[in-house]
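Colleague: I would like to go through this model with you, one question at a time. Shall we start?

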Amino acid sequence: MFGIEKEPVLKIGVVGLGLIGGSMAKAFKRCTPHIVYGCDKDAAVLNDAAGCNAIDHMVKDFDFSMCDLVFIALYPQQTVDFVKKHIGTFRPGSILMDLCGIKGYVVKSLASLCAEHQITYIGGHPMAGKECWGFCGADAQLFRGASMIVTPDGDTPEEALDLLTGLFADIGFGTINRTTPEAHDAMIAFTSQLAHVVSSAYIKSPRAQRHDGFSAGSYKDLTRVAKLNPQMWTELFLENSGALLEEIDTLITHIHEYRDAIAEGDSERLYKLLDHGRRIKEALDHEND
């Protein structure tokens, strides 16, 4: 029997009130009638969250026994360590979801542990963000139109997924996508992590210091995510190193193709490379229309 009572108001815990956790707390407060419990290691952040009504209550002594549902919005290793340390404080029958940017390592570390304590654990990843971090950047509108990725397994109750789907729709997510942790990490290596590597490397050109007046949309698009949280992205890259290295190697192969064509003055080959890329992009845009 699924452990959450069918009641109109849920008690939702959010651990880690940074950009993602803080935005989720604010979104639940603004868009739903549910009661939000906040937890953060920084007392000043907790006070700020309570002061601006992003949370209803502060979690004391890491006791989540009152919560029907808890979201963990910490870095991957912090998430694993936190849940292992405080697993006895979560109510049996409740739902626990991590919001980490990688899924394989976290799911492997927590799924069995949560099952042993009669807690429904589901991996999650909101595909939303900003070029800033911390509660000061939290925004109740952050998830509007965004995709929410969830990684249930064969034992995940449909009632839990239905509940989460409804909650995510309430706070503005445009789509809910189900996948496996492995498929998630392979795709995220391409759609997110590689883009951050490229942006960070690209901005290191000496000419970046002298670009004023010579740059427009292309420069802004390619450098936007270079303004990242280095602590978080270091961990995400290393925990997903296999998939990310595969994408980096693929990119390097293609970069060498362009470089060789340019170095050799081979206009026909260069044209074909550029045209091939254009056709791929146009086909992808057409599929998404």
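Predicted model: local features only at pLDDT ≥ 70, side-chain atom pairs only at ≥ 80, totals over all residues.

Colleague: Is C136 buried or exposed?

Modeller: Exposed means over 50% relative accessible area. C136 has 75%, so C136 is exposed.

Colleague: And C67, is that buried or exposed?

Modeller: The cut-off for buried is under 20% relative accessible area. C67 has 0%, so C67 is buried.

Colleague: How many disulfides does the rule give?

Modeller: A disulfide needs two cysteine sulfur atoms within 2.5 Å. Take C67: the closest cysteine sulfur is in C39, 9.7 Å away, so that is too far for a bond. For the model, the count of disulfides is zero.

Colleague: Which residue has its backbone oxygen 3.3 Å from a polar atom of the T79 side chain?

Modeller: T79 sits in helix α3, residues 76-86. T79 is buried, at 0% relative accessible area. Its contacts beyond four places in sequence include I72, D98, C100, V106 and L110. The backbone oxygen at 3.3 Å belongs to L74.

Colleague: Which helix gives the most to the lining of the second largest pocket?

Modeller: This pocket has a volume of about 1,100 Å³. Of its 25 lining residues, those closest to the centre are F190, L194, L251, G277 and I280. Helices α6, α7, α9 and α10 each supply at least two lining residues. With eight residues, the one that gives the most is α10.

Note on methods:
Residues numbered from 1 in each chain as written. Heavy atoms only, no water. 1 Å grid on protein atoms, 1.4 Å probe; cavity = no way out; pocket = protein on both sides within 12 Å on 5 of 7 lines; lining within 4 Å. Points joined across faces, edges and corners; volume = space filled by probe spheres on them. Helix = DSSP H or I, 4+ residues; strand = E, 2+ residues; numbered from the N terminus. Buried < 20%, exposed > 50% of the residue type's maximum accessible area, 1.4 Å probe, protein only. Polar contact = N/O pair within 3.5 Å; in protein donor to acceptor, adjacent residues only side chain to side chain. Contact = heavy atoms within 4.5 Å.
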